[in-house]
Amino acid sequence: MEKLDWEKFKGLVHYICDKAADPAVLGSVKLNKVLWYSDSIHYMIHGESITGETYVKRQHGPVPRHIVRTINELVSENKIARGRVDYFGFVKTEFVAISADADVSIFSPEQIKLVDAAFEHVCMNHTARSISEETHGVIWKIAEMGEEIPLSTVFASDVGEIDETDLDWAKKGLAEAA
């Protein structure tokens with residue numbers, strides 16, 4: 001299990017908020033999704049997340065365990081602002097950076113590129129509802145509310161149908177092992 005790198009996680013939240021020049025594009029659901037995609041895709045490629053954060057099952061998908069504390073700290077440090085707006089009858093929390101001094105030097109250029117791509121995918125190509133549905137894979141569905149969703153489960157996020165080719169492969173592997 002990875003250890004949370006507090007400064008990286010906090011810096012990443014600040015950086016993502018800074019990318020959202022228009023607060024309407026970044027609510028709490030989308031912020032959580034950008035973090036999830038950034039960490040989980042980095043994990044898939046490199047075997048470790050960017051931040052070491054753990055994610056838990058919540059109503060709208062995986063959520064970073066320390067997100068509330070992090071947002072509260074960034075707000076108290078006057079680095080980001082948090083506002084609540086009426087969004088078609090729902091209360092939406094929006095975020096925007098007040099100071100643009102997110103320390104990106106703690107990230108590799110590849111990590112920043114990955115976060116930028118996650119931001120584009122989540123914030124510019126989806127609504128909060130559609131991106132939530134995208135993260136409600138099989139692992140999220142079988143987890144209990146509040147249960148940790150290990151990043152290693154991203155490798156099992158799509159369950160496919162087993163066909164004759166799969167059975168033949170498995171039988172061949174068993175025969176070779178015997």
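A polar contact is a pair of N or O atoms within 3.5 Å; within protein, one atom must be able to donate a hydrogen and the other to accept it. In the predicted model described here, the side chains of Lys92 and Glu94 make such a polar contact, at 3.5 Å. Lys92 belongs to strand E4, which spans residues 90-97. Lys92 counts as buried because its relative accessibility is 16%, and the cut-off for burial is under 20%. When neighbours within four places in sequence are left aside, the residues in contact with Lys92 are Ala24, Gly27, Gly83, Arg84, Val85 and Tyr87.

The protein as a whole contains seven helices and four strands. Read from the N terminus, these elements follow the order α-α-β-β-α-β-β-α-α-α-α. Along the principal axes, the C-alpha atoms fill a box of roughly 65 × 40 × 25 Å. Of the 178 residues in the protein, 42% are buried. Contacts between residues at least 6 apart in sequence were also examined, and 70% of them join residues at least 24 apart.

Helix H2 covers residues 28-46 and has 19 residues. From the first C-alpha of H2 to the last, the helix reaches 27 Å, close to the 27 Å expected at 1.5 Å a residue. H2 is mostly covered, with 14 of its 19 residues buried. Just after H2 comes Gly47, whose phi is positive, at about 80°.

A positive phi is also found at Asn78, a residue other than glycine, where the value is near 55°. Asn78 sits in the loop that runs between H3 and strand E3, the latter formed by residues 80-87. With a relative accessibility of 52%, Asn78 counts as exposed, since the cut-off for that class is over 50%.

The largest pocket holds about 790 Å³ of space. Its lining consists of 27 residues, and those closest to the centre of the pocket are Val29, His60, Phe90, Ala128 and Arg129. Two or more lining residues come from each of H2, strand E2 (61-64), helix H3 (67-76), E4 and helix H5 (128-134). H2 gives the most to the lining of this pocket, with five residues. Sorted by class, the lining of the largest pocket comprises eleven nonpolar, ten polar and six charged residues.

Ala128, one of the residues closest to the centre of the largest pocket, is found in helix H5. The relative accessible area of Ala128 is 33%, so this residue is partly exposed. Apart from neighbours within four places in sequence, Ala128 is in contact with Val29 and Lys30. Val29, like Ala128, is listed among the residues closest to the pocket centre. Between Ala128 and Ile112, the separation is 16 residues in sequence and 22 Å in space, taken from C-alpha to C-alpha.

Key: Residues numbered from 1 in each chain as written. Heavy atoms only, no water. Expected span 1.5 Å × (residues − 1). Buried < 20%, exposed > 50% of the residue type's maximum accessible area, 1.4 Å probe, protein only. Contact = heavy atoms within 4.5 Å. 1 Å grid on protein atoms, 1.4 Å probe; cavity = no way out; pocket = protein on both sides within 12 Å on 5 of 7 lines; lining within 4 Å. Points joined across faces, edges and corners; volume = space filled by probe spheres on them. Nonpolar A, V, L, I, M, F, W, Y, C, P; charged D, E, K, R; others polar.
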